[in-house]
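Please read the following points with the coordinates open. They go from local features to the contact between the chains.

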Number of protein chains: 2
Amino acid sequence: MNAHAWTTTLQVGDGFRLADVDPEATPGYTGGKSRGAKDLAAGLETLGEYQERLFAQSRTGTATDAVLLVLQAMDSAGKGGIVRHVVGGVDPQGVSLTAFKAPTAEEREHDFLWRIEKRLPEPGFIGVFDRSHYEDVLIGRVRALAAPEEIERRYDAINDFEERAAASGIRIVKVMLHISRDEQKARLMERLDRADKHWKYNPGDVDERLRWDDYMAAYQTVFERTSTEVAPWHVIPANRKWYARLAVQELLLGALQDIDPQWPKADFDVEAEKKRLAAS
Amino acid sequence: MNAHAWTTTLQVGDGFRLADVDPEATPGYTGGKSRGAKDLAAGLETLGEYQERLFAQSRTGTATDAVLLVLQAMDSAGKGGIVRHVVGGVDPQGVSLTAFKAPTAEEREHDFLWRIEKRLPEPGFIGVFDRSHYEDVLIGRVRALAAPEEIERRYDAINDFEERAAASGIRIVKVMLHISRDEQKARLMERLDRADKHWKYNPGDVDERLRWDDYMAAYQTVFERTSTEVAPWHVIPANRKWYARLAVQELLLGALQDIDPQWPKADFDVEAEKKRLAAS
């Protein structure tokens, strides 16, 4: 998938080390910030066209494929901005967005994938997971919310789950937005400095931040264990918001171009309908 | 609500007659198409700001209010365009959109409001119903899908339901996009003329079109029976798409200004958090 796009460089491959990724970098992209903004706007047009074709198939019952964007990141890395500025550019009728919070009591009574599976996108839709089943092997591991054997079991369970989802026609685009520890500090400080940003701040954010290295280690394991052929991970340097948005847009475009949805053919007699309509 | 907005003229009041509404008109708005496009773009900014405040409240658990936009119309009147160009302008994280189709077998086993109630927006959200419980007294009546006594019962049930929803904090904005019969014919013909629009056409559209007068009578009854103080109807002339979009945007703005959401106050010690963060 996306074999020719500049985003291939973002894909996690053998020997990948998160520690080697520079969050300030803009790998594969030769333009700067202002060129990036233009490319983002142009890309939204193209993305919208592909998405309309995909959605058209859902309306005529001919859709077999869907796209699922999985967004993971440390706090303040820009997931909300991706949803707003990339996903927000396409017709909301064809988008199904889920923000996963800490599981409810009911959800905790089921397997961790129970609530996830219910939110997989229907054929013809772009699904977006703002956080996901990966929290169950990230905060789940860092905070020891489950026993080590259970965490261990989950990596394979995730791979099986995603393989089945992919086989059912879902193109899975997994993205980790990678910011530096210093950049996070600056962004959280800005939230504290501005009264209109206080709502985005949670004291728990600093608690998690204090375990930064544990999280990076947990992410590294996630990439090693769950970056598969049908559902590879992409680590996107995210200190520069404009770059991260452009990269995610390009990944979505790649998935849609891979599906290459066509306008559904009429399943009715067009000329006969014109006559009926003209006479009505 | 919206006592000073130009959209008050669109509100259904005593003695309202749908037959008197000119679908070509642009009541209350003195600008033309190009001015309308500018006002729409400017309005999106304002709408986005209000919506972010409302959404912020949902994130901090302090939201008590929500907005529900109910969209009803004959085929091709522009519901999709409203969703795309008006609702699509705000952050998708704060929008919950439901397109109601013909009820499933499971849904038909319950009261007609069962599936509706489940989709009411949570506090802090803008909910959008693309079609709604009103189909149960529109196509339900025109196609005699239920007995006359049952249809009769539903008007009161709807009023009770909406009164409860309003009491729970939901500002209900009910909109009928009103196009002329000729305009519908032209729009449906365009869908037949263009291969990339065939997916939007359904032979059943002409079947419903042939019952135009029955639908107008059913709408007239809907307005007489269900335009209440807490949930009034608005009939928006929709032959001019730019006007209809502007009018719906203005109605949404009115509802949000009525709520007047404020940035949530920090429920933590801001200075103490700055110190914790700085030391982290």
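1. B:Q262 sits in the loop that joins helix 10 and helix 11 of chain B. The model is a predicted one, and B:Q262 comes out as partly exposed in it, at a relative accessible area of 41%. Leaving aside residues up to four places away in sequence, B:Q262 touches B:R53 and B:Q57. Between the C-alpha atoms of B:Q262 and B:G31 there are 31 Å, with 231 residues separating the two along the chain.

2. B:D260 belongs to the loop between helix 10 (241-259) and helix 11 (270-279) of chain B. Its backbone oxygen is 3.1 Å from a polar atom of the B:Q262 side chain. The phi angle of B:D260 is positive, about 50°, although the residue is not a glycine. B:D260 has 40% relative accessibility and therefore counts as partly exposed, the class that lies between 20% and 50%.

3. A second residue with a positive phi deserves a check: A:R131, where phi is near 65° in a residue other than glycine. A:R131 is placed in the loop between strand 3 (126-130) and helix 5 (139-142) of chain A. Its relative accessible area is 21%, which makes A:R131 partly exposed, given that buried means under 20%.

4. A:R131 is one of the residues touched by A:Q72, which is part of strand 1 (residues 66-73) of chain A. Is A:Q72 buried or exposed? A:Q72 is buried, at a relative accessible area of 0%. What does the side chain of A:Q72 make a polar contact with? The partner is the side chain of A:E135, at 2.8 Å. Other residues touched by A:Q72 include A:K79, A:Y134, A:L138, A:M176, A:Y219 and A:W233, where residues up to four places away in sequence are not counted.

5. On the contact between the chains: 43 residues of chain A and 43 residues of chain B take part. About 4200 Å² is buried between chain A and chain B, with 64% of that on carbon and sulfur atoms. A:R84, A:W199 and A:L277 provide 18% of the area chain A buries against chain B, more than any other three residues.

6. How many salt bridges are there between chain A and chain B? The count is six. In one salt bridge, the side chain of A:K274 meets that of B:D193, with 3.2 Å from N to O. Residue pairs in polar contact between chain A and chain B, both at pLDDT 80 or more, number 14.

7. On the side of chain A that touches chain B, the elements giving two or more residues are helix 1 (33-59), helix 2 (79-85), helix 7 (181-193), helix 8 (203-209) and helix 11 (270-279) of chain A. Helix 11 of chain A gives the largest share of that side, six residues. By type, the residues on this side of chain A are 21 nonpolar, seven polar and 15 charged.

Conventions. Residues numbered from 1 in each chain as written. Chains lettered and ligands numbered in written order. Predicted model: local features only at pLDDT ≥ 70, side-chain atom pairs only at ≥ 80, totals over all residues. Heavy atoms only, no water. Contact = heavy atoms within 4.5 Å. Buried area = accessible area lost by both parts, 1.4 Å probe. Salt bridge = Lys/Arg side-chain N within 4 Å of Asp/Glu carboxyl O. Polar contact = N/O pair within 3.5 Å; in protein donor to acceptor, adjacent residues only side chain to side chain. Helix = DSSP H or I, 4+ residues; strand = E, 2+ residues; numbered from the N terminus. Nonpolar A, V, L, I, M, F, W, Y, C, P; charged D, E, K, R; others polar. Buried < 20%, exposed > 50% of the residue type's maximum accessible area, 1.4 Å probe, protein only.
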